[in-house]
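Reader: I have a protein open on my screen and I am new to this. Could you walk me through it slowly?

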Amino acid sequence: MAEVIEVPKGYSFVRTISSGGFGSVVELIEKSTQKHYAGKMMQCVTAKDKERIDREVNRLRQFAHPGIVGLKELASMGNIKVIVMELGEESLADIVRDHRSRGVLVAREVCF
């Protein structure tokens with residue numbers, strides 16, 4: 001049976017890309033443009049959750065670089081917050097694997 005996930009108004013669910021302890025990332029289609037986006041869906045219950053989400057959104061707003069996905073919007077569905085951003089064509093793991101195969105030094109951890 002197909003997975004059904006509630007997504008922000010104006011979007012349709014395509015598939016789950018990944019999930020972890022902090023939430024999940026899903027592929028979305030914006031209904032008005034048919035453009036594909038990634039939606040990072042996170043529970044926001046505590047003040048610490050809100051602070052962590054706000055920090056991530058603020059960092060995404062600061063970046064304008066072709067190698068970093070851009071922020072489209074922050075949507076809310078009750079206590080679920082969804083960071084809607086450009087859908088990257090490759091995962092970070094794919095990029096690191098490609099760089100390593102070419103002998104390029106890759107940082108072990110990305111910190112903001």
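Author: What follows goes from the overall fold to the sheet, then to the cores and a few single residues. This is a predicted model, in which local features need pLDDT of at least 70 and side-chain atom pairs count only at pLDDT 80 or more, while totals for chains, interfaces and linings use all residues. Residues are numbered from 1 along each chain as its sequence is written, and side-chain values use heavy atoms, with hydrogens and water left out.

Reader: Thanks! How many helices and strands are there in the protein?

Author: The protein has two helices and five strands, where helices (H or I, at least four residues) and strands (E, at least two) are DSSP runs numbered from the N terminus. Along the sequence they follow the pattern β-β-β-α-β-β-α.

Reader: And in what order do the strands sit in the sheet?

Author: The five strands make an open sheet in the order β1-β2-β3-β5-β4, with antiparallel pairing; two strands count as paired if DSSP finds at least two bridges between them. At the edges are β1 (11-19) and β4 (71-77), each of which pairs on one side only. From one strand to the next the twist averages 25°, an angle taken between N-to-C directions on a scale from 0 to 180 degrees, with axes that are lines fitted to C-alpha atoms.

Reader: What holds strands together in general?

Author: Strands of a sheet pair through backbone hydrogen bonds, either parallel or antiparallel.

Reader: Ok, β2 then. How many bridges join it to β1?

Author: Seven bridges join β1 to the antiparallel β2, and Thr 16 stands opposite Val 26 in β2. The two strands are connected by a hairpin of three residues. Strand β2 (residues 23-30) is also joined by seven bridges to strand β3 (residues 36-43), again antiparallel. Across that pair, Leu 28 stands opposite Tyr 37, and Gly 23 has Met 42 as its bridge partner.

Reader: Why is β2 described as largely enclosed?

Author: Six of its eight residues are buried, so β2 is largely enclosed by the rest of the structure. Buried means under 20% relative accessible area, exposed means over 50%, and partly exposed lies in between, using a 1.4 Å probe and protein chains only.

Reader: Which residues are in the largest nonpolar core?

Author: That core has 10 residues, among them Val 7, Tyr 11, Val 26, Leu 28, Tyr 37, Met 41 and Met 77. A nonpolar core here is a set of buried Ala, Val, Leu, Ile, Met, Phe, Trp, Tyr and Cys residues joined through side-chain atoms within 4.5 Å. The elements giving two or more residues to this core are β2, β3, β4 and β5 (80-86). There is also a second, separate core of eight residues, which includes Ala 38, Val 57, Leu 60 and Met 85.

Reader: What is Met 77 in contact with?

Author: Leaving aside neighbours within four places in sequence, Met 77 is in contact with Glu 6, Val 7, Pro 8, Met 41 and Val 82, where contact means heavy atoms within 4.5 Å.

Reader: New topic: Gln 34. Is it buried or exposed?

Author: Gln 34 is exposed, with a relative accessible area of 52%, and its place is in the loop between β2 and β3. Those strands form a hairpin with five residues between them, and Gln 34 has a positive phi of about 65° although it is not a glycine. A polar atom of the Gln 34 side chain lies 3.1 Å from the backbone oxygen of Lys 31.

Reader: Last one, where is Asp 49?

Author: Asp 49 is in helix α1 (residues 47-62), and Asp 49 is buried, with a relative accessible area of 13%. Its side chain makes a polar contact of 3.1 Å with the side chain of Arg 52; such a contact is a pair of N or O atoms within 3.5 Å, and within protein one must be able to donate a hydrogen and the other to accept it, while residues adjacent in sequence count only if both atoms are side-chain atoms. Not counting residues up to four places away in sequence, Asp 49 touches Gln 43 and Cys 44.
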